[in-house]
Amino acid sequence: MENVIIIGTGCAGYTAAIYVARANLTPLMLSGTQPGGQLTTTTEVENFPGFPEGIMGPEMMMNMQKQAEKFGTRIQYASVESIAKDDDGNFSVKLGGGETLRSKTVIIATGAAPRHLGLPNEKDLIGRGLTSCATCDGAFYRDVPVAVIGGGDSACEEAGFLTRFASKVYLIHRRDELRASKIMAERALANPKIEPVWNSGVEEYLTNEKGEMRAVKLKNLVDGSESELAVDCVFVAIGHVPNSGFVSGLVDLDENGYILQVPGRTATKTPGLFAAGDVADHYYRQAITAAGQGCAAALEAERYLTEHE
Ligand code: NAP
């Protein structure tokens with residue numbers, strides 16, 4: 001029987017692990033399908049306090065892992081299929097491979113996954129000119145035009161990163177104003193290699209004879225006109241979907257699938273089950289706020305265990 005199982009190895013999960021481990025409760029972390037979480041797919045993190053020169057996302061996550069392991073955290077590479085609360089008040093956590101683990105408390109820190117447009121040939125194109133990760137795939141598209149879809153910080157960041165490789169980066173946004181923070185928006189719009197394509201929606205991904213991306217069909221959302229834009233790769237940066245599908249029943253979800261916490265806390269409606277980070281936060285979604293929630297969830301789990309000893 002574990003004391004604390006932490007599901008997810010992003011900022012929230014690792015911070016929870018550091019706190020739980022330092023309380024001598026030897027947490028077990030379950031990595032999920034994307035070990036290290038979303039920051040492993042980002043470039044430089046400039047806004048996490050303590051790093052005045054910035055730090056690369058993957059390096060930051062490796063540091064967090066080292067720090068968690070230093071205090072006795074164990075990490076198992078597994079994805080969770082379901083969680084159940086048993087009659088004795090403890091939890092059964094069923095893994096993808098069929099194994100079931102038991103724990104007195106569970107912290108869900110599974111984050112969120114990139115959203116896609118939902119176009120018919122999307123799945124076939126992933127890895128053939130359609131991706132959500134500029135850091136992972138940008139270098140494959142040298143000296144060719146590419147597009148980023150979205151108008152938030154992610155879209156601006158991805159677009160900026162891609163200018164290192166691509167001949168041109170089209171920033172396709174459905175409105176005529178970016179949602180991104182002022183500094184990120186200004187940086188993107190000032191970059192001569194980035195060309196905004198305003199008020200436009202992608203209607204279709206168009207492929208070549210090899211089934212790879214060759215262009216997007218655009219619709220101008222103001223006048224309804226249609227056009228084709230030749231690009232070798234499309235980077236989709238239109239937000240995220242929380243990874244909360246496996247917890248049904250034990251928690252309430254909002255209309256977008258984010259786990260509802262007890263207001264001001266990380267507790268959920270099920271005693272002993274806590275949620276931290278992007279899986280429960282549609283509002284801030286920052287590395288530092290996820291880390292803060294991870295800390296809070298660890299403290300709550302620790303108190304829960306003390307009260308139930
Ligand atoms: P976001 O802020 O939610 O922006 C999503 C963008 O995608 C919006 O511009 C939205 O358009 C557009 N969009 C959503 N659904 C769409 C659809 N179906 N079709 C076309 N466009 C669609 O998401 P994000 O950029 O991933 O950022 C998430 C959070 O992470 C934010 O809090 C952000 O500040 C933070 N972040 C920070 C950094 C950094 O500081 N280094 C980097 C990345 C992200 P509308 O604007 O019209 O709604």
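This is a predicted model: local features need pLDDT of at least 70, side-chain atom pairs count only at pLDDT 80 or more; totals for chains, interfaces and linings use all residues.
Residues are numbered from 1 along each chain as its sequence is written, and side-chain values use heavy atoms, with hydrogens and water left out.

Thr268 belongs to the loop between S18 and S19, and it counts as buried because its relative accessibility is 6%; here buried means under 20% relative accessible area, exposed means over 50%, and partly exposed lies in between, with a 1.4 Å probe and protein chains only. The names of helices (H or I, at least four residues) and strands (E, at least two) refer to DSSP runs numbered from the N terminus.

## Other residues of that loop

Ser244 also sits in the loop between S18 and S19, and at 5% relative accessibility Ser244 is buried. Its C-alpha is 8.2 Å from that of Ala112, although 132 residues separate Ser244 and Ala112 in sequence.

Leu260 is in the loop that runs between strand S18 (240-242) and strand S19 (273-275), and with a relative accessibility of 42% Leu260 is classed as partly exposed. Between Leu260 and Ala280 there are 6.3 Å from C-alpha to C-alpha, with the two residues 20 apart in sequence.

## The surroundings of the ligand

The ligand is surrounded by 20 residues, and the closest of them are Asp153, Ser154, Arg174, Arg175 and Arg179, where a residue is near a molecule if one of its heavy atoms lies within 4 Å of it. By class, this shell holds five nonpolar, nine polar and six charged residues; Ala, Val, Leu, Ile, Met, Phe, Trp, Tyr, Cys and Pro count as nonpolar, Asp, Glu, Lys and Arg as charged, and the others, Gly among them, as polar. Helix H5 (residues 153-162) gives the largest share of the shell, three residues, and at least three residues come from each of domain 1 (2-114 + 241-307) and domain 2 (122-236), with domain bounds taken from an automatic or database domain assignment.

Individual side chains can be followed to atoms of the ligand. Ser154 places a polar side-chain atom 2.6 Å from an oxygen atom of the ligand, and a polar side-chain atom of Arg174 is 3.0 Å from an oxygen atom of the ligand, whereas an N or O atom in the side chain of Glu157 lies 3.2 Å from a nitrogen atom of the ligand. Of the 920 Å² of accessible area that the ligand has on its own, the protein covers 78%, with areas computed by the Shrake-Rupley method with a 1.4 Å probe.

## Strand S1 and its partners

Strand S1 (residues 2-7) is mostly covered, with five of its six residues buried. S1 runs parallel to strand S8 (residues 100-108), to which five bridges join it, and S1 also runs parallel to strand S2 (residues 28-30), here with three bridges; two strands pair if DSSP finds at least two bridges between them.

## An open sheet of five strands

Another group of five strands forms an open sheet with parallel pairing, in the order S10-S17-S11-S12-S13. Strand S10 (130-131) and strand S13 (194-197) each have a single partner strand and stand at the edges, so one side of each is left without a neighbour in the sheet. S10 pairs in the parallel sense with strand S17 (residues 233-236) over two bridges, and Thr131 is found opposite Phe235 in S17.

## Two residues with positive phi

Asn24 is not a glycine, yet its phi is positive at about 70°; Asn24 lies in the loop between helix H1 (11-22) and S2, and is exposed, with a relative accessible area of 67%. Asp143, also a residue other than glycine, has a positive phi near 60°. Asp143 is placed in the loop between helix H4 (134-137) and strand S11 (145-149), and its relative accessibility of 66% makes it exposed.

Terms used
A polar contact is a pair of N or O atoms within 3.5 Å; within protein, one must be able to donate a hydrogen and the other to accept it, and residues adjacent in sequence count only if both atoms are side-chain atoms.
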